[in-house]
Amino acid sequence: MKRIWSVPQSSGRRSETLGSLLGVSPIVSEILVQRGYEKPEEAIEFLHPTLLNLNSPFCFCDMRKTIKRLTLALKRQEKILIYGDYDVDGVTSTTLLYKVLIDLGFQAVAYIPHRQDEGYGLHAEAVERAAKVGVSVIITVDCGITAVAEVIQAKTSNIDIIITDHHEPGQVLPEAFAIINPKLENSGYPFRDLAGVGVAFKLAQALLQSLGNLEVGIQTEMYLLDLVALGTIADLVPVVGENRILVHYGLRQMEETNHPGLAALLEECGLKDKPLKAGQIGFMVAPRINAAGRMDSARAGLELLLSEDAERATELARQLTKENQMRQETEKEILAEAVSLLEGKPLPRVIVLSAENWHHGVVGIVASRLVERYYRPVFMISEDGDEAKGSARGILGYPVLEQLSQQAHLLTKFGGHRQAAGFSLLTKDVGKLREGLNKQALAFDEALFQEVLRVDSLVTLNMVSPDLLRQLEQMAPFGLGNPGPILACKEIPVHSLSAVGKEQSHIKFRFGSKGEQEGIAFRIGERLRELQDELTLDAAFALDWNTFRGREDVQLMIKDVQPEADWNDPFIKYTNQEVAATLEEQEIEWLDWRYILRSEWPVQKKEGLWVWDNTGSMPTLRLGNDLPNSDNSPKSLIQDKHLDVNEQAIVKRNLGMILGLPLTGEDFKEGVEKLRGLGIFRIALAGFESPLEERVRQRCCFISRDELVELYRELQTKSKTANPFLWGGNQTVSQAQKAALKIFEELGLIQCLGGSDEFFLKWIPAKSKLELDSSSRYRLTKERFEQALKFHKELLNSALKVL
């Protein structure tokens, strides 16, 4: 199906401003703005992830009671069962938590159910067996949020269930001892998109921070991140926010992993001693672990990741490669059957396919392949006698789990996410499910089922360069929520093209009048004849390195290529919407009350007064009659006054006020925009006093060179006693200190190995003289501070007509 290409309208001055502050290409700054990182400080935190930004695990409401219960279990040496899932997320979650519990001295055992024999989730039989062998606590990882009956059974057997999960909760929650799930309405945790292994990691963080020491390893928090990255990448959760931090550092840790099993797997994939990317892990490493759970039992994958024996790990890695090859063959066969069922027939809005001989462990992957091919939601079902099990994959805008839940009356079990789900039903009801899902799909706009290729930037071929690729790589790791940037060129001259690959299934292009730019398009070999006579082509592509005989060149990784692309708006031109909007907006009438006592302000009670208040720690929009007096006048802010006819006409209109001197130009602009948004175009400036320079410094988050030098010396002294070392002690690290630590980390002077309220830091001696201005964080806050001081002088002294 031919895709429509879409490119966002240019953000104009906003990206230009951001680009100049960050010193990046206009292409990169535009992409950052389009992805929501318009504010320079947000863009810097995005481009320079840091473990210092991780949320405290104790944000989870049930975390403290969980640690209290596990502390008791440690003291009593109670048996703990870690109950996982058979996919990569579940296997890494189980591995991670087991390693931490064992390191801390717990009596723990790990268990993963068999996909074919037991299926997903906590099972009554497993709970019964656990009770018989004296298990006191079961910790579920990557499952458990729907195990209502199983938790009741566990309670009758005197087993406490601690659920760690990230799947969407049902209407009824299990009555577990504790539930740690960021998707709970009142979980307390500020980031809801953690993978299952991310949730397990938060529990591990809390355990290490509460029960760990230098011997058993607070420092191992960093060393767990390779497992966190593997599970997070494999589970296709958004690689934004906290997930971005975990994957960024997890990939670094993976390059020097201290887990023999993971090291063996990387070597088996040909990735040992190479810089790692999220895509490589998702396409090469994760499928090998998944293959074990899909084709038979996930226990081989679990054993591999838990293994401390390098020789055994190598053996298991090879075994997983063989199982993955079997999985690929099975997938290929099922995919061919599925395509034959669809070809030559009208394509339904929702594809629901079912067959008796399909391997249940593979149908989810085939569903993903069909989504790629047809751009339709796909529900693949494997029949086994009277029962059937299925996997579903969605498209953008189609909420899989929500749509599936509307067919709950036909299902015996279901669960999952917005984009993917698993379910079970009776074989006889498959037809009803197909009919029901397609009937529901009529409620969606037809445009939802037309695939749109979202191009991040329209460029010319001569803009493609190694420097551009290096800047774009700063936006990695890529994945759901932060896809690799896609660029597009119109009418690129084609020098040559040829089919390549084992089955001639790929096409290699040479673009430019002399063939100076290479491109590769995978799995489109059948289009060679269609494209080979074209003199120019439209191409959408990502950029990557092509290394050959020690030489690195930029290569176009083509996502789509057309003689002439179908654009949703082929004549997109930049128009400065901000300027246009300003010209159309009503002009502001400024009232100068900057140096008038509050008791003299000409306002009456009946007038609607909104105030942008800058007198507190942060600017706040509030109603005027909520403000206290500050000039020792007994009169209230809203006065009853005798006004002449002209004044009475003025006060009938809404009035806005900027109270107190805004600390920065951004604060002033934000206040004006908020008042405009309320339909207020008569604004008084009042209560202006020049603020203390220190307050301005704090508002701009600027730390002076002298303050940084002082903290630098403290850290250096601390490192001489022990390195790595704990920083924070009994006193929580302040925001200013944390900002300083980020600057030092950016300069390569420290490495954060873990922590949240206090941090475990490694001191790295400087090899040469460092310039503070080489830190983007320092440079930005310094510039903000200097601009704020300049802004204050202008605002205090200028005539209102120039504002």
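The model is predicted, so local features need pLDDT of at least 70 and side-chain atom pairs count only at pLDDT 80 or more, while totals for chains, interfaces and linings use all residues. Residues are numbered from 1 along each chain as its sequence is written, and side-chain values use heavy atoms, with hydrogens and water left out.

Select helix H19, residues 466-473 (helices are DSSP runs of H or I with at least four residues, strands runs of E with at least two, numbered from the N terminus). Its buried residues are Leu468, Leu469, Gln471 and Leu472 (buried: under 20% relative accessible area, 1.4 Å probe, protein chains only). These residues lie on the same side of H19 because they cover an arc of only 160° around the axis, taken from the directions from the helix axis to the C-beta atoms.

Next, show Phe509, one of the residues that touch the most other members of the largest nonpolar core, which has 150 residues (a core is a set of buried Ala, Val, Leu, Ile, Met, Phe, Trp, Tyr and Cys residues joined through side-chain atoms within 4.5 Å). Helix H8 (residues 196-211) gives the most to this core, with 9 residues. A second, separate core of 41 residues includes Ala367 and Ile395.

Finally, select strands S21 (residues 609-613) and S23 (residues 655-659), which pair in the parallel sense over 5 bridges (pairing requires at least two DSSP bridges). Val611 has Met657 in S23 as its bridge partner.

How values were computed:
Buried < 20%, exposed > 50% of the residue type's maximum accessible area, 1.4 Å probe, protein only.
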